[in-house]
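Let's walk through this model together, one neighbourhood at a time. Keep the sequence and the 3D view side by side as you read.

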Amino acid sequence: MTILILCTGNSCRSQMAEAYLASLDTRLTVRSAGTSPASRVHPVAIAVMQEIGIELLTARPKSMDEFIAQTFDYVITVCDNARESCPVFTGRVDHRLHIGFDDPAETTGSNDEVMKEFRRVRDEIREEFNLFYHRDILAGFR
């Protein structure tokens, strides 16, 4: 099963979602990308994922153009509709979903406040993608 997770910068939410979902099942091919890729994965995203045993050290932001010729079972947007324009993937897709999250990279304040927000979003991603995996993915493997 192939899954593409999209957002704008591909530096936080989509990277965390890709890594978490891939950690659930080796049968999944999970990728992430953005419409305007950042220059690097956000260091706090790397740190909060390490806290739960998932490495993002070798991850890099990618453009969704890299995947346009591929077919995906699912394309999932993770942007927050209230403040962003979600990307639209024009490649071949069986199922399109939106599971929105706040952008933790927009958080200002002390290091502790930033870490707290990244952890909150990470935990929401973990919860929502765990539900998606059990509800939609496992059914596809049966």
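This is a predicted model: local features need pLDDT of at least 70, side-chain atom pairs count only at pLDDT 80 or more; totals for chains, interfaces and linings use all residues.

Residues are numbered from 1 along each chain as its sequence is written, and side-chain values use heavy atoms, with hydrogens and water left out.

K62 itself sits in the loop between α2 (43–51) and β3. Helices (H or I, at least four residues) and strands (E, at least two) are DSSP runs, numbered from the N terminus. At 10% relative accessibility, K62 counts as buried. Buried means under 20% relative accessible area, exposed over 50%, and partly exposed in between, using a 1.4 Å probe and protein chains only.

N10 belongs to the loop between β1 (2–7) and α1 (13–24), and its relative accessible area of 0% makes it buried. Its phi is near 55°, a positive value in a residue other than glycine.

Follow the chain on into α1. Nine of the twelve residues of this helix are buried, among them R13, S14, Q15 and E18. The end C-alpha atoms of α1 are 17 Å apart, which agrees with the 16 Å that twelve residues should span at 1.5 Å a residue; the expected span is 1.5 Å times one less than the number of residues. S14 has a relative accessibility of 0%. Neighbours within four places in sequence aside, S14 is in contact with I5, L6, C7, S32, A33 and V78.

What about the cysteines? A search of the whole structure finds zero disulfides, a disulfide being a pair of cysteine sulfur atoms within 2.5 Å. For C7, the nearest cysteine sulfur is that of C12, 7.7 Å away, and this is too far for a bond. Both residues are buried, C7 with a relative accessible area of 2% and C12 at 3%.

Now turn to the strands. β1 and β3 run parallel and are joined by four bridges, with I5 standing opposite I76 in β3. β3 (residues 71–77) also pairs with β4 (residues 92–98), again in the parallel sense, over six bridges; two strands pair if DSSP finds at least two bridges between them. Here Y74 has H95 in β4 as its bridge partner. Five of the seven residues of β3 are buried.

In one of them, D102 meets R120 at 2.8 Å, N to O. This pair links distant parts of the chain, with D102 in the loop between β4 and α3 (111–141) and R120 in helix α3, 18 residues apart. D102 is partly exposed at 27%, and R120 is partly exposed at 30%. R120 also forms a salt bridge with E117, at 2.6 Å; these two lie three residues apart in α3, about one turn of the helix. Finally, E51, R119, R122, D123 and R126 are linked in a network of salt bridges.

Key. Contact means heavy atoms within 4.5 Å. A salt bridge is a side-chain nitrogen of Lys or Arg within 4 Å of a carboxyl oxygen of Asp or Glu.
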